[in-house]
Amino acid sequence: MRVVLSWLKEYVDLDGVAVETLVERWTQAGLEVEGVERIGDWWDRERLLVGAVTAVHPHPNADRLVLADVDYGAGAPHRVVTGAPNLLPLREAGALDRPLKVVFAREGVELFDGHAAGWHKVVLKGRPVRGVMSDAMVCSAKEIGLSDDHEGILILDDGAPVGRPLADVLGDVVVEVAITANMARAMNVVGLARETAAILDRPLRGVDPATGAPLGGAGAEGRGAPRAAGSTPPPAPAATAVVADDAGDLCAVAIEAPDLCPRYTARLVRDVRLGPSPEWLRRRLTLAGMRPIKNVVDVTNYAMLEWGEPLHAFDHDKLVARAGGGVPRIVVRRAAPGERMTTLDGVDRALDGDTLLIADAAGPVAIAGIMGGADTEVDDGTRHVLLEAAAFDFINVRRTSRMLKLTSESAARFGRGVHPALAETGAARAAALLSELAGGRAVGTVADAYPRPPAPVLVTLPLRDIRRTLGVEVPVDAVLGILERLAFDLTHHVDGATGAITAVEAVVPPHRMDVALPVDLIEEVARVYGYDRLPGTRMADPLPPQRDNPTWEVDEAVRDALVAAGLQEAISYRLVAPRAEARLVPGAGDADAGGTPEHVTLRNPISPERAALRRSILTGLLEATAGNLRFRDRVALFELGRVFHPRPGEALPDEPRRLGVVLTGAAEAAGWRTGGGRKLDFYDAKGAVERVLAALEVDAAWSPGRHASFHPGRTAEVRSGDAVLGHVGELHPLVRRQWGLGDDPVAAADLDLDALERAAGRVRPFRPFSVYPAMLRDLAVVVDEAVAAADVEAAIRRAGGALLADVVLFDVYRGAQVGAGKKSLAWSLTLQAPDKTLEGKVADGARARIVKALERELGAAAR
Amino acid sequence: MRIDEVQRQRDAALAALDAVDDAAALEAWRTAALGRASAVAALLGQIKAVPADERPAFGAAVNAARQALEAAFEARRAALEARALGEALGSDRIDVTLPGTLPPRGGLHPVTRALRRICRIFADMGFQVYQSREVETDDLNFTLLNTPPHHPARDMQDTFYVTDDVVLRTHTSPGQIHAMREHAPEPLRIILPGVVYRNEKITARSEIQFTQIEGLAIGEGITMADLKGTVENFVRRLYGPDRAVRFRASYFPFTEPSAEVDVSCMLCGGRGCQICKGGGWLEIMGCGMVHPTVLANGGYDPDRFTGFAFGGGVERVALLRYGIDDIRHFWANDLRFLEQLR
Ligand SMILES: [Zn+2]
């Protein structure tokens, strides 16, 4: 919200308070200041003054120019040449009966160039204009930087003091304040004034309860207004009738949906003259961020910005015409099925059954709290204005606003809650301004339907709860002072024995719709007392029971193992395109783009590329691999994270944790000693996974397996006992092509972290090692290609028994010497006895036993 | 006479040794001077021919000669070896400026690194990690956190919906409810790291996916002063002991009183710069006392228990630490980014 300080100061005494102090204290107390704009802080105090045009004469040599005599408080008036369109009509006027107050600029002053596009500053220099010397000028709003208006010169209000530096008259400060959802009360000048008065402990200025106008008067300075006892008059006793037509023959109002509209008031202002608003009001609206339009609309906006009560102005004649010349009868009701209306912005809108309407006999005239209808809009022909001030259910306003995709200043306020008590003041203020500025007359009484005035809210706060929550003793006087300044009406609960106040019972003022619980009051105390006055302490509370977190520990161990193995961790978008995931399966590269039942699909994605949650951990890794291969010859990535699988009949998907690994390209980084040219393949991925298994102390077994994305002949299933831990393989060549991954093998792993966590921690007890010399024996056996190396090793270990300390495969050979369909596996055996030096013949015997076993079990032949 | 012969032979062998200049010649010399066919051996063979009274003197002379030759041999051998070593050291030079040989280097994602630092600091204060699911019910993400449907606070977070009742969590706070319901009425001290989602435009400053870390402490004596102390300790350990920390009032539906935490800008020292938009302060987390409604929803009696919660973005920690100018780097997995920050 843009806060105009001159406006705010009409309601709270801020004399002697620096802007910096205000900014600091507002920010501390929850009104975050996002920027400060100083209007006119660059204006030259000597050369930019309030002037009065006392006479206008024709220019001797030009029809489109006039000579204006300007009194700027320096004795004789100063003559300037100007082509201002709004002075031109006065060229024959001579001396003016009512001098025009203007902005007078003297030679040497710096101003914005009014004629140039954009904002360029120029220095004013005297020069003859069509033969008449002119060394000063009268300025447009653009030339002094107030707005982009350069249509004519700026005419100030009649009360502007001649000769005063402009900075003292039009200078202002606008503070941009972020209003959080609980601060709706501060979204208007009066509400912010109340907050400011409480935060800074400054007096509020008085308000005329009949008109809502500040008693000091706009723009006046240096008055010592008495502090008002309370700023809003207490709600008047409410009319309980559903129909209140005490406005007689002017209008009648009725609420048919009291659940959505606690109060509806209307008052008639006769004989308004539509036209531009005075300069001060236009300036304030502009500074506050609203565009001035014409007086009736400007006044409703002004009253709304000031009091927080959104108002709507209907053209009363149009309502009468719609009522066939009779008394307009306004009804607040839900829309009927299929009902439509055209709003002020010219859009024809379809309404639903929860849309609250303001309607008359001929149909809807406004969408309650959001926008008026085009048919009853105020226009240049309007004579009488019917002013609506009401209160609506904030949830319904928000719902309808979202449903219609229609927002407005009014909806923004009603959508955060406006108390029904505010209707009177808001409307009174607008009616008074219409009388003052548009020549209107408020007539009749207010038609007021207020079926169920809300009961006052009472909150009891035990004072010890303040300490219990904040951890510090706030002095009782400070507590009481803060709450009283915030307009809570307090009753003290006193301990009979000690006389100490133990609790306060607070009557919540109507503008505090956010307060209902004791903790709401504690927050008020804390933020006004100042968070900076709370100490920082270390928790004295007992430490909770401490527990292991195997999930977290497994994730961290996996990361460390893979980083040590030379892999880089990646983190991908979990949101993907279902069609991208389809590319994980061979031949499905052109699958349609829509969501699939296999995916958790968003209803409101930002783009088709991020429309669903990933099913596979490989998606992001393959995308990253393709991207990195454009400028790298080696990519080795891993990622840990959840994947998402819908569960039939369940609202929430399954979210298993997966580990993905992708390796491709050069096995070694390019360097001056490398150059073998080996490419990363299945065995590199397997090695990385073996590191993970070792780090987690998992007993795993490897066997040929199947994975939808992997080469059928180059896929291993990793198991631990009965549990499948996942798969390691090389990408299926078609999948590799679908991802644009080039010709090198792409090795990958897709593992189940939940299963790994369950299998982890199989501690192998320490085995004492032998101190006696070992005997080494080599063994090469030829087996069928189909025989797995793991089976050969297992057979060797079984046959070797206790003497076999270690076995290492050191060569795999295929070729003419062993014949087609066969392979030779060469093993190095380490044989060792625990208690003595092994004799050579014993080692030979062991080797022979192993050979026999291999021949028998696997049809192997020793070479 | 015979003793003269011994000395003459000895001197001849020593003279020959002077000419020996390499290991092979030295070995040949040894064979010639001390071997079975050597003059010394021949002289020893003559001992029986020496008159008995001269034998002791002759024997002693031959032995002395042999020992002298052996000593000379050793000295010569040592000198030749020393010379060879010296030559080898001179010629076996390498270029020590060639790059070292390294196994391929892996690395952690910068978000993981930042999370580890944060978790370590909170672990020292007794906070344990708690994680929960990422697709949540609307109830857990909002309503149980004191944000019922159509509540104005819902405007603060643009939400991805799966169905009317199922959302991608917009914060890690649903984990607070999970943890409370799991452990009430035990006291609680946990941090909740995790991935969260917001329906926003992807720009240099905003993302649809980011990492959040929240903390939650519940007990019978937890106060806002404790919150302040805990957060101050954390911030100063993360960003440096000289950082000023500022708490100011704010609003979150699930805490009351609520605060924003600012830290004095570490890039300009608080004088004001582009990163802190001239204000000298950087907003780093939100926090507050757990709202009584949330405590009750989690199974704790708000008349007995109080608690505090805090939370902030993890990417921001890395952004500030490394001066990263664009948040979109984090999930792009570009090795040119990742390898710089590991
Ligand atoms: Zn800075």
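User: What are the ground rules here?
Analyst: The model is predicted: local features need pLDDT of at least 70, side-chain atom pairs count only at pLDDT 80 or more, and totals for chains, interfaces and linings use all residues. Residues are numbered from 1 along each chain as its sequence is written, chains are lettered from A and ligands numbered from 1 in the order written, and side-chain values use heavy atoms, without hydrogens and water.

User: How many helices and strands in chain A?
Analyst: Chain A has 21 helices and 42 strands. These are DSSP runs numbered from the N terminus: helices are H or I with at least four residues, strands E with at least two.

User: What does chain A span along its principal axes?
Analyst: The C-alpha trace spans about 135 × 85 × 60 Å.

User: How much of chain A is buried?
Analyst: Buried residues are 51% of its 863. Buried means under 20% relative accessible area, with a 1.4 Å probe and protein chains only.

User: Switching to α10(B). Which residues are buried there?
Analyst: The helix covers residues 314-322 of chain B. Its buried residues are Val314(B), Glu315(B), Val317(B), Ala318(B), Leu319(B) and Leu320(B).

User: What covers them?
Analyst: The cover includes helices α5 (110-124) and α8 (224-239) of chain B. Strands β6 (209-219), β9 (281-290) and β10 (306-313) of chain B are also included.

User: And what follows α10(B)?
Analyst: Gly323(B) does, and its phi is positive, near 65 degrees.

Methods
Buried < 20%, exposed > 50% of the residue type's maximum accessible area, 1.4 Å probe, protein only. Contact = heavy atoms within 4.5 Å.
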